[in-house]
Structure formats: C-alpha cells, structure tokens
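Q: What do the terms used for this model rest on? Please take them one at a time.
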Amino acid sequence: MARTEKPVDIVLIGLGWTNSIIGMELADTGLTMVALERGENRDTVPDFAYPRMIDELTYGVRYKLMLPPAQNTVTMRHDPSGTALPYRSLGSFLPGIGVGGAGVHWNGHTWRPEEVEMRLKSYVTETFGAKTIPEGMAIQDYPVSYDELEPYFDQFEKMAGISGKAGNINGQIQPGGNPFEGPRSSEYPNPPLKGTYNCRLFEKAASEMGFHPFPLPAANASQAYTNPYGMTLGPCNYCGFCERFGCINYSKSSPQTCILPALKKKSNFSIRTKCEVIRIDLDKDKTRATGVTYVDEHGEEVFQPADLVISGAYSYHNVRLLMLSGIGEIYDPAKKTGTLGRNYAYQMTGGYSLFFKDKTFNPFVGTGSNAVSMMDYGVGQIDFGKEGFIGGSIITSAQYNGQPIRSLDLPAGSPAWGSGWKKAAHEWYGHSMSIASHGSNMSYDTCYFDLDPTYTDAYGQPLLRMTFDWKPNDIRMTQFMKAKIEPIAKSLSPDSLKASFKTENSHYDLRPYQTTHNVGGAIMGADPKTSVLNRYLQTWDVHNVFVMGASAFPQNLQFNPTGLVGALTYWAARAIREDYLKDPRPLVQA
Amino acid sequence: MIKLLTLSALAALGSASLAHAAPNADPALADRGAYVAKLGDCVACHTGPSNQPFAGGRAVPSPFGDIYSSNITSDPKFGIGDYSLDEFSRAVREGVRKDGARLYPAMPYPSYANISDDDIKALYSFFLNRVAAVPKQAPETKLVWPFSMRWGVGLWDWAFGPDGVTPNAVATDAVARGKYLVEGLGHCGSCHTPRGFAFQEKAYHGDDPLFLSGGEIDHWPTPSLRAGGSGPGLPSWTQEEIAQFLATGRNAHGAVTGEMKLVIEHSTALLTDEDNLAIAAYLKSLPASKAPRPTPASDATQRLTAAKVDPNSGERLFLDNCSACHFVDGKGAPPAFPPLANNTLVNADDPAGMIHVILAGSRLPSTPYAPSDLAMPNFDWRLSDDEVANLATFVRSAWGNQAPAVKPDQVSKVRERVVKENREPSAGPIFTDP
C-alpha cells in the first residue's frame, strides 16, 4: 500500500528545461507545486565546478550526467516484424537525469523552425502536390503556427540569453543573419560568439559561392547577461566542455543558470529529488488524473495527489509514462488503431572532414555552438518535386572542442590503433575541420513506440520499444546534402576529404553518436484521431494532464529541437495560467 | 558620568511616551516592525545553527570568547514574550535585560540607541505578534574573566558608549535618513568601524573620521565605507552602485563575501530602493578615510598573455585557476564575475579575507533583484599554502592593485580556520517542501 503525500495543486514530472519554465510561469498563481525528479539535485558549484568537470573520460565517454541504461533503457528493432532487444549502452541519444535534465549537458544550438516546417503537410501538398508524399510517410501539420509562436520563441531566447545574429526582423532582411528564417520581433539578446578559424574559412567559401552563412544561434552567453527573471549568465570562455558536461562558467544556458535559483525563491514551489514517477493515476472513468505514483529514494511507493499533472520528462519517457498510465490508446500499425507512440522520428545527419597539412586549427578553443551555418538547402528552399524527397538540412562548420578521445579525426585509411594510429594522430590533430549537415527526419507508419512484451525495468514495468529505420526519402535527402557540401569543401583545397553520409544500405544504429534528438510518440495535432495532444499540449483524453517536450513533434525538424520545445512550453504555460486554471476543461473541443 | 546621565534621562523620557503601546493593537504597526527588523538585521545574529528564526544560539566571536545570541521569539519563558514595551526598549537601546543584567555589546545597542520611538514600538509589535514562540533556551555565553561579569559592561557603556541619540527616522532628506539607518538600525559600525582595546567601536558618528573607516569581523577585514571624495575603494563607487551592491550583493566593482553576505541576504536586499539609496547618499557624504593615491602602472595583462609564463609563478597560477572568470585584465565580467582590479577585498592590508575566498570559495546570496547565487568553487584541495601566497601576491600587485605580499604562514592560518569552520562553502540552498 502506497504512502499518500499531502495533496498539491500541481505536480511536475521531471525538472529539466520544460518544467523549470512551467514552475516559473505558474509560480505567481500562488498554487502549490511539487516537482518530482528521479535524479539528484545539481548545481554549478559543486557539481560542475572547475576543474573537476573538465574530464572527458568521466563525463564525455562514461556519461556520468546521463540516465544509466541499467536504470532505464529502450528496446530496439528496425521493423515491426523484428524482435527488439534492450540496449545497455546508448550513443545516438543521451537522456539526462537529475535537476536540470538534458538542459545541463546540451550543446546549446537554439533554433526556430522554418515557417513551412510548422505546416509541413499542407505546404508540401499545396506547393508540390499530395502525390509528393510517399506511401507510408505520416507527416502532419503542427496545430499552431510560427506566427502564433513567435512571441514565445522570443521569450525563450531572452530567458536563455541566446547569442546570435538575426536575419529577419519584422520582415526586414538583416545582413549577416539567416535570410531564410521566419520574421523575428527582435534581435537576439546577445551578440554572436566569436568564431574560430574554421568558421571564417567556411563563411568565406560559402559566401563566395553565393550562399548565406551566419553564426549559429548559441546558448553560450557572449557577454555577461541578466535575463528577465533576474538571472545572470557569465561570458563563455570557449573551454569547449559543453555537450555531455555541466558548464563550469555559468555561461551555458541551463535551468541552473537561467531559472532555478529564481524559482527556489517561490515559496509555493518545491522539489523532491530521487523520486521516480512510475505512473499517472486516473479516476474510475479514466477522464481525470488524481495525481501520480512515484518511488522515493528509499524504494517506497508514494501517491502524490494533485489537481493538475504536467509531464516534463525526456521526450520518450513522456510517451512511456502515458502508456503505463493508460492515457490514450497505444498505436498499432497493423490495425491502424491508436495514436500514442505514433510518429517517432530521429534526425538525419552527415558530414565531410577536411584535412589540411598547412592549416592549424586550435581545437582547444571551442564551444558547443561555435559554428557558422547556412540554410540555403533548408526545408523551405528545396524543390521537393524536382529532387524527389521531402526534407532539408542546415549546413554547418563547427569546432566544438579538442577533446582527444572523441574529437581526434583522422584521414580516411588511417590505422585505427598502434604506432600507425599514433603517427597519424600526431600528424593530423589540429589540422582538420568539418562541414556537416543536420537535417530533418520524416515520420512513417512503421516508425513508432510501444511497450516491449518481454523486457521490464526494476519496477517490473515494460520497457519502451522503439521500431525505427532509415527510409529512402531521408537517404535521398542526405545524399543531396552530400552533393551540395562537396564543392564547398573542395573550394577550400584540403589535402584530403573524408565523407560520412548514410546510404541506401544504412540501417539505424543507436550506439554511435549522431545527434541526440528523439521526437514524436505523443504528438500534438488538430484531430484526436491522429494526435495525442491538442494545440496546448493537453492530452485529448485526460484534460488535467499536459505533456511538454519534443514528444509533441509530428516529425523532426531540420534543427535541434530545444528552441521549439522552449517556445511550446511558454505557449502552453500561458494557456494553462490564463485559461485552463480559471476553468479546468479540455481547451480544444474534439 | 555625563554620558550615563544623558542616556538615563532619555530612557526616562522614553518610558513616559512608550508606556501605552500594546501588542495586538495594529497589524500595520507589526508590518512596519517587520521592516524595521530587516533594517536592523536582527535575524542574522539571532538565528543559530538550528535555523529557527530569532531563536538565538548563533556564536558571535569576540576576543574574549564567543557571545551567543539570545532567543528573541515571543516565547514568554525563553524569549522576550513577557517583556513590556519599556523593557524591550531598554534591551534594544540600552543593552539592559528585563532582569537588569547587562547585555554584551555584541548586541549593537550602542548603535540602536538612536532608534526612534516609533520604530521601537513597531519592532516590539512585530516580535510579540508575528514571531512564533520557540520554547528553547539559547546557549549561555561564557566569556573569560573578567568579561564573564556582566555588570562590568555598565562601566564599558559609560566609557565607550555613544554620545547622545538623535532619532530621525522620518527624515525626508536622504542623507539624514541614511545617517539614521547607518548609525542606528543598520549598525554598520559594528563591523566597519575599528575597535579599541576594550573591543569598543572607536566612533559612532560620521563626523568622526574613524567612523566606518574599516575594521574586522571574524578575521575578515572590512573595507572603509567612507565613500566621499575620490580614490580607490568605495569613493570610486557611485551612489547608485552602492545601493545596487546593498540590494544585490554585486555591482561593477565587486561581489559580496564574508559576513556581509548575511547582511545583504537578510537585510539590505529586502529594503526599499529609497532606503538603500539613502544609505548610499549618507556614505557618499562621509569624507574618505585615506587620501587618493596614484594607481601604479601595471604590465600584468601583458605578462599573462606572453608566450612564455614561468610555470611556478603567480601569473601561471592565475591563468590556470582564475582567468576563466576574472580574465587576464582582472576586470572580470560584472555582474557575473567580479573584477579583481581595484577590488576592496583584494586590496585590503590584511589578506585573510582574500585567502579565505581562494581556499573556501564564496557564493553570492540569492536576492529578489538578483536571484543568481553564483559561486566561486573552493581551491583548498588544489593549491598549497605556497601557491596561494604566490597567487595572492600576484593579484594584489596586478592591474593597479597595491597591497602587501602574502606569506605562506598567513595562508596556513586561514586554512586552519576554513577546516575548522567545516562549512560546505560551495553547497547552495537546498530545496524544501513548503
């Protein structure tokens, strides 16, 4: 029999970016809130303090800040006929754990989607014809537009102190920025970071070929910055320990640097760490949540009654929690029933490494967002009818860090070990740069989540099962990018080039790092027949459960998801605060 | 004797006018008292390790032993719940307990003597009506003889107490209001005025150049607050910058460390902007205690950015440990990272405070205007006494700083205290259920 805690008005599941924002945006209602976080409390000092954080092996390779797969993992298969197996080591995505969540260890790329990505299906249908969408592709429109979200992108960027250069302010194209971006209501709150040598080379080469390079929008403060919550970021020192690390320098935007100390001052907000929510509890009719059940650090099961439940767990943990709680019907591709778990998507990436004998890049200087990008081959800039695929990429030259274990790129054909490897490492370390594509991934009928029939977690609950593989559309997209990047790379006259792009023979492998963006599974939409959440991230079936995060994306953007995740969270927070709390009900009539 | 008579006479006058105030009378009065308690920062000293506000038990160090703060909750037995207004007033403004015993002047009653009758009434109403009783005895103070004899404090009062009192709580003039707060409730002189052989503050009023000319608290040097004129330290801060420091613990010139963190967190960060500006206006009205000096030329930045840096030098230690935040020009990045150039703690004659920060780290208080509790990590595990001395000596002579060199034995003394304090210097506030 579970112990029952004192009821609260609102329970928050997880305390990363989304629920830190929710806590802050709902704090002034005076309602009592408790955040349940399965990991530990974490703060810049002592947890990320210099110099102990500067340890590639501990944090970069052994993932000390991540959720250990021994605690919770996924099972994986390539198609619905296969047998999924659980993974004990992840690389392709890295769910965080602890206060701050993945907001602690991210790289900080902070994008807004292109306007057309928010209404992708309509855009493709209207512009290129419905036949352009291949059989089995399951793309949908977001039920909210770029214009509606613009104030919330702006709010997120100002809160996080993003460093960048606007390309379009209220329709006016700005020199030096991204001319293809949607109109912004204001400039970025901080000027761009200083770029490294590779950035200058790429910028020059791309400009000379008629492209439109711009500094990648970075969640690393380029100067001391105080956000609207009164929180202060310090200027980034380009140490290069961003992704997989907590920032030593209060420079990378995170819940810790941008929100939590301000939130801690709110007397109606509290947090319990080492408390893992195992289900959302529903009333008899399964139309209302009564609270959540969690396991505390002593292994005791606790029921936390609440009037409102907001799940802000990692993308696919949101999906699994809904499945374990019986909220929504689990998707079945054979029977074409259910929506929960549908439209899982990942991200399509590729890249060229360029090696130069006579050029020295100082790889010790870098940041997680030290990069120059171009969007000339973005989703809105490609003729899908002509090219035979749907999608697009941003093309970027970045220098994130010079960490020797993971960032020692060698020319093709170099030995992988022994004295030959040492010789190559000596010869080429610091003499390479990359030009990479980071692209969209469409959703498909056969890419989805459900519950694994065999494998369970420590509490005896089924693991999440992932069914996913690359599809020809997305392979064509990445091969297109390969063809577009090659001339840019060659224009820089490197001594050698090394390509790494998926081909028609590629199968998805979740062990190597690619980029870490899982989306979908609990998608937002205009129709409960094809979505789990309405336009305010409220579940169609249980109106007092809201779900934050990239699980709401109906397919993946060409971008890193955090900018849209943040904007959607502010958008939902406003709807909850100004509408739902005054009259709790479904905010959209099905 | 004249002093003593003056005080008694005033106390007698006070009795006549205060006798009719009663608790429970007026919620607005208690509200105002809550603010007066913040002005006086009562909670900082009267809250001990058990973290029960106003229940006492915090050790206030003195050269004669630790003086424990008393329980001033509304508990009638262990607190001040059975004090009349007059008795309360006598304790606060004259240092005399209900039972007639003398309080030790760790309680800043020589400063509080200037509190206006209105503020005393409000404060009394706050403590009796708003502060929950904590039925717990605060630890007894046991000083070495002869200071263990409380009656001796009466003689101390006679010899060293302040001259007269000039209540001016409702002054409309900012400087006058600032004077009332600084000399009185704020009791800034307790730490910032040098003390004499009997631990007395050498001055209580701004017209004496020793008042607020810098002192020491618990081994930390405290800077001169006399901010008029020009020169390094507070004279180079504007009135607004002083007010900003009081409200947030940080400004373009530095970040708060040491005991002042508690003052900011519990008192000045919670004051009205007008009061912090008034305090600043008054401090700017006090002529600086030291004549301005020329800033020496420094090539520290060039030495730090030179291709070759001696591996055993203070420069090298600075690059490896400090420059990520404080930068090679020593300018930091306020309000995130404080500058070290012209920093009052760095330039203090006594390096103990600076050494403490290097060894134990320091965390900014989280205030309503500036909730970021940015922290510098501790370096005690990483740097030896020799290295800290080397590093501190470099910083104290770089970028125009002028302070004496630091010796390893000075570091080792602070290190002993840091170990003894056994605080978690780097642990932030913990979350608690409401």
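A: The model is a predicted one. A residue is called buried if 20 or more other C-beta atoms lie within 10 Å of its own.

Q: Which residues in helix 12 of chain B are buried?
A: Those that reach this cut-off of 20 or more are B:Asp275, B:Asn276, B:Leu277, B:Ala278, B:Ile279, B:Ala280, B:Ala281, B:Tyr282, B:Leu283 and B:Lys284.

Q: Why is helix 12 of chain B called largely enclosed by the rest of the structure?
A: Ten of its 13 residues are buried, so the description applies. Part of the cover over the buried residues comes from helix 8 (174-185) and helix 10 (239-248) of chain B. In chain B as a whole, 52% of the 434 residues count as buried.

Q: What span is expected of helix 12 of chain B, and what span does it reach?
A: The expected span is 1.5 Å times one less than the number of residues. For the 13 residues of helix 12 (residues 273-285) of chain B, 18 Å is expected, and the distance from first C-alpha to last is close to that, at 18 Å.

Q: What makes two residues count as a contact, and how many residues of chain A are in contact with chain B?
A: Their C-beta atoms, placed from the backbone, must lie within 7 Å. By that rule, 29 residues of chain A are in contact with 25 residues of chain B. Helix 2 (44-47), strand 10 (232-233), helix 8 (260-264) and strand 11 (269-273) of chain A each give two or more residues to this side of chain A. The residues on that side are 14 nonpolar, twelve polar and three charged.

Key:
Residues are numbered from 1 along each chain as its sequence is written. Chains are lettered from A and ligands numbered from 1 in the order in which they are written. This is a predicted model: local features need pLDDT of at least 70, side-chain atom pairs count only at pLDDT 80 or more; totals for chains, interfaces and linings use all residues. Helices (H or I, at least four residues) and strands (E, at least two) are DSSP runs, numbered from the N terminus. Ala, Val, Leu, Ile, Met, Phe, Trp, Tyr, Cys and Pro count as nonpolar, Asp, Glu, Lys and Arg as charged, and the others, Gly among them, as polar. A residue is buried if 20 or more other C-beta atoms lie within 10 Å of its own, exposed if 12 or fewer, and partly exposed in between; C-beta atoms are placed from the backbone.
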